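Me: I would like to learn how to read a few features of a protein model, taking them one at a time. Could you give me the general idea in each case and then turn to the example itself?

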Amino acid sequence: MGVSRIVPLFVLALLAGCASPPPPAPVPTVTPSPSPTYAPPPSSGLSLSVGPVEAGLGHRASVLTLTNRDTAPRKVTGYPDLQVLAGDGTALDVKVEHGTSYFARDLGPQDLTVQPGAKVVAVLAWSATVTSGDTRTGAAISVVPVPGEPEQKQPLDTDLGTTDTVTLSSWATEIGG
């Protein structure tokens, strides 16, 4: 008698499993906010390019390369003036320190003469360390290569963790040298 009661329940459970599933819930449409576009590097004067982000042990870095696209030598001195930008293009409250980082030794401010077609580099580094509080992420950087030059904006994802600090080396003819 016990088996005769269980079999109909088992058949009923199987039939219930064969019913078509309910339709999926509609997915809300997200309208992305417009992100700023950045002009390509200038074809004359001092032209900035940004290398890919390199990572190691929670540290990140990108090489900034400044190319002299003029027909005459250009003077470059010290450190670039840099800001980290949010996705909407506004400046983030991020401290920019000058000096040596996990990725590059800083030689300090130098007076450099950049010949036509030649390049100088600086290294932008940061830590993705998260301790407490909200994490911060940048989407681009704004760089004034030397005083008096126009600012140049380039996309660069920076996962700053909770440090809100980046380290920038001075312009040099080669990284750490």
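Me: In which loop is Leu57 found?

Reply: Before answering, please keep in mind that this is a predicted model. Leu57 is found in the loop between β2 and β3, with β2 covering residues 54-56 and β3 covering residues 59-68.

Me: Is Leu57 buried or exposed?

Reply: Leu57 is exposed, because its relative accessible area is 75%, and the cut-off for that label is over 50%. Asp164, at 22% relative accessibility, counts as partly exposed.

Me: Which residues form a nonpolar patch on the surface?

Reply: In soluble globular proteins, nonpolar side chains tend to be buried together. Here, however, Leu57, Tyr102 and Phe103 form a nonpolar patch on the surface, and together they have about 340 Å² of accessible area.

Me: Which residues touch the most other members in the largest nonpolar core?

Reply: The largest nonpolar core has 24 residues, and of these Val76, Leu82, Leu124, Val166 and Trp171 touch the most other members. Several strands each supply at least two residues of this core, including β1 (46-50), β7 (111-114), β8 (119-127) and β11 (165-168), while the largest share, four residues, comes from β8.

Me: What is the strand order in the open sheet of three strands, and how are the strands paired?

Reply: Strands of a sheet pair through backbone hydrogen bonds, either parallel or antiparallel. The open sheet of three strands in this model has the order β5-β9-β10, with antiparallel pairing. Its edge strands are β5 (81-85) and β10 (152-161), each of which pairs on one side only, and neighbouring strands of this sheet are turned by 30 degrees against each other on average, direction ignored.

Me: How many bridges join β5 to β9, and which residue stands opposite Leu85?

Reply: Five bridges join β5 to β9, the strand of residues 136-144, and the two run antiparallel. Leu85 stands opposite Ala140 in β9.

Note on methods:
Residues numbered from 1 in each chain as written. Predicted model: local features only at pLDDT ≥ 70, side-chain atom pairs only at ≥ 80, totals over all residues. Heavy atoms only, no water. Patch = residues over 30% accessible without salt bridge, like charges linked within 9 Å, V, L, I, M, F, W, Y side chains within 5 Å. Areas by Shrake-Rupley, 256 points an atom, 1.4 Å probe, with all protein chains shown as cover. Salt bridge = Lys/Arg side-chain N within 4 Å of Asp/Glu carboxyl O. Pairing = 2+ DSSP bridges. Axes fitted to C-alpha atoms, helices over the stretch in contact; angles between N-to-C directions. Core = buried A, V, L, I, M, F, W, Y, C linked by side-chain atoms within 4.5 Å. Buried < 20%, exposed > 50% of the residue type's maximum accessible area, 1.4 Å probe, protein only.
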